[in-house]
Amino acid sequence: MKEKILGVVFILVLGGLSAGLLSSVDNRLRGKIAENKEVAIKSSIMAAAGLEVPQGVEEVKNAFTENIVVKKAGEYSYYTGPGGIYLFEMKGPGLWGSIEGVLALMPDLETIKSVKIISQEETPGLGGRIGEEDFLKKFEGKSIAPRINIVAMKKAVASNEVDAISGATMSSKALENIINAGAEAFRSNVNIEDENDGS
Amino acid sequence: MGLNKIRYTKSFRAFMSGFWKDNAICSQMLGLCSALAVTNKVENAIAMGAGVVFVLIVSSFSISLMRGLIPARYRIIVYMITIATFVIIVDQYFKAYFPSISKALGPYLALIITNCILMGRAEAYAMKNNPWHSICDALGSGLGYAYSLIIIASFREVLAFGTFLNFKVTPAGWENLVVMAMAPGAFFLFAIYLWVFRTFSKLKPLES
Amino acid sequence: MALSPLMIFLAAIFTHNIALSYLLGMCPFLAMSRQLNTAFGMGIAVTLVMVITAALNWPIYHFILVPTNSQIISYILFIITIAASVQLLEMVIERFFPQLQNSFAIFLPLITVNCTILAVSLFMLLRDYSFIQTVFFAAGSGLGWTLAITVMAAIRGKMRLISDVPTQLRGAGITMIIAGILALAFIGFSGMMRIQ
């Protein structure tokens, strides 16, 4: 009986020590981890705007402040970049987790300048390839009016169609929904006349 | 004390057994999940290897320090709490300072907690030996694991992506064997590595 | 989330098999796949523990850790849940199903270190599943692992009768090669399910 009690006490003490150590590590690193996330988002926005993304946390933050203007329309935030580009973040469910990305639109608000993926958890090697440059390049110059369509079987013809990744139809479709939903949110929240008056 | 004499010290033997003869991956068949899953790129293998070496050393050291106090009945849970604590610390440091590698490794870094090598070394060595020898054993086993991973990853990355540490090494006409990046490739290459290693180190066959 | 629980369940067995796609649970996969009944028993035990621990870990994370901002100790609590569930299951079998004791009881201590159990909880976090999704995911993963290990055991059993495996490839080596072929076969399931 005594042995059992001593055993349990030992484990509790060990647990306490461990929790203490972990809390201190957590306190030290939490800020840095949040900062990494911020830098990832800002880097993606700048990359989507066609800007060169510098190395280093401070450099990214400074370059962002210099080149990108954060705008708000009520609760909705979006960005403008050099050359009159509009950018917004988009997020939605993928096959396995959220897909987060950035869409950059040319000043005509119809032509895509570029699509960048910030994070995704799709199947590595298959759906995960939606994050690859080779795939994302296909969106450049395409139109999101009335909506972008990701079509299978390499049948993309129209100016608003893009080829899906072979073997990753579901992830490609998820991305299609996310882009269209993001564009819809942008259109409904942002009134471009107000924007021109403001600047 | 000639250099030759070092071969007979306990520390050296502890190191060498994990490094070669009793190699965790090829001889003891431990820690296989990560050997298969994270060897798709060399940088992932290096990161995983470094993580395991670090956690192995620190946890074997800690467990060896506590070996007089650990209640026999609950020793498994003690190992797990100790190992988990250090794995969480490594995981957090990777997330903070190497976020891209942390993302690439995904849940596999956290799964070092259940990596049989750590529990195996704790039970088989750290509980019965002093801290210094436990460190030598941990270093040997950890490095044995790490180099196995790196070798397998080298083949897989070159075959599957045509790169080594992200530098393109294949000629222009090369068609990437993407299947090597996925599960089947992992299994096949691992089997070949196992075959070569066991043949050259003349280990006793696993089955007759 | 995009997926229905049924879809998650089926995907976990076929298209995203935890052993043949995610390469988890390999140590027991090698060690326990020699005999058919051992393999199947291990698989069922793993499935049971997986579902129980997933069902426990979800509320622990969402109702205890998140509100108190102590996610840092998630993994420790998860493995404690796993170890405790295994102990509990051992006691239940000893008390209520003594006839199972001989076949089941030897596996249970090994399950604590089976990476698949912890992995299910980790994926639950990574993919932000709801409770129902988590339970279906755990059940599917367990059954998928059982399927893989049982098929492997059946094949190995047959091979012992008719094949002559090179010496240093016996045991783990040939198992890996069989697993590779199985994994290739399972990739064939990829297009099986359509959502829209």
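Predicted model: local features only at pLDDT ≥ 70, side-chain atom pairs only at ≥ 80, totals over all residues.

Visitor: Which residue stands opposite A:Val69?

Guide: The residue opposite A:Val69 is A:Thr80, in S2(A).

Visitor: Which residue in the hairpin takes a positive phi?

Guide: That is A:Gly74, with a phi near 70°. The hairpin of S1(A) and S2(A) has two residues between the strands.

Visitor: Where do the side chains of a strand point?

Guide: In a regular strand they alternate between the two faces of the sheet.

**Chain A as a whole**

Visitor: How many helices and strands are there in chain A?

Guide: Chain A has five helices and seven strands. Read from the N terminus, their order is α-α-β-β-β-β-β-α-β-β-α-α. The globule rule gives 16 Å for 199 residues, but the radius of gyration of chain A is 22 Å, well over that value, so chain A is more spread out than a compact globule.

Visitor: What box do the C-alpha atoms of chain A fill?

Guide: Along the principal axes, the box is roughly 80 × 45 × 30 Å. As for burial, 33% of the 199 residues of chain A count as buried. Among the contacts in chain A with a separation of 6 or more, 46% come from residues 24 or more positions apart.

Visitor: Why does the span of helix H8 of chain B agree with its number of residues?

Guide: Helix H8 (residues 131-161) of chain B has 31 residues, and at 1.5 Å a residue these should span 45 Å; the end C-alpha atoms are 42 Å apart, which agrees. Just after H8(B) comes B:Gly162, which has a positive phi of about 75°.

Visitor: Is B:Phe188 buried or exposed?

Guide: B:Phe188 counts as buried, because it has 20 C-beta neighbours inside 10 Å, and 20 is where the cut-off for buried begins. B:Phe188 belongs to helix H9 (residues 183-201) of chain B. In sequence, B:Phe188 and B:Leu36 are 152 residues apart, while their C-alpha atoms are 9.8 Å apart in space.

Visitor: Which residues does B:Phe188 touch?

Guide: Leaving out residues up to four places away in sequence, B:Phe188 touches C:Ile177 and C:Gly180.

**Where chains touch**

Visitor: How many residues do chain C and chain B bring to their contact?

Guide: Chain C brings 36 residues and chain B brings 34 residues. On the side of chain C that touches chain B, H9(C) gives the most, with eight residues. By class, that side of chain C has 26 nonpolar residues, nine polar and one charged.

Visitor: How many residues of chain A are in contact with chain B?

Guide: There, 17 residues of chain A meet 18 residues of chain B. The side of chain A that touches chain B divides into nine nonpolar, five polar and three charged residues.

**Confidence**

Visitor: Where in chain C is confidence lowest, and where is it highest?

Guide: The lowest mean, 73, belongs to helix H5 (residues 98-104) of chain C, and the highest, 93, to helix H8 (residues 131-162) of chain C. The average pLDDT of chain C is 86, and 94% of the residues score at least 70. For the complex, the predictor gives an ipTM of 0.86 and a pTM of 0.83.

Methods. Residues numbered from 1 in each chain as written. Chains lettered and ligands numbered in written order. Helix = DSSP H or I, 4+ residues; strand = E, 2+ residues; numbered from the N terminus. Rg over C-alpha atoms; globule rule 2.2 N^0.38 Å. Buried ≥ 20, exposed ≤ 12 C-beta atoms within 10 Å, placed from the backbone. Contact = placed C-beta atoms within 7 Å. Nonpolar A, V, L, I, M, F, W, Y, C, P; charged D, E, K, R; others polar. Expected span 1.5 Å × (residues − 1). pLDDT = per-residue confidence, 0-100. Pairing = 2+ DSSP bridges.
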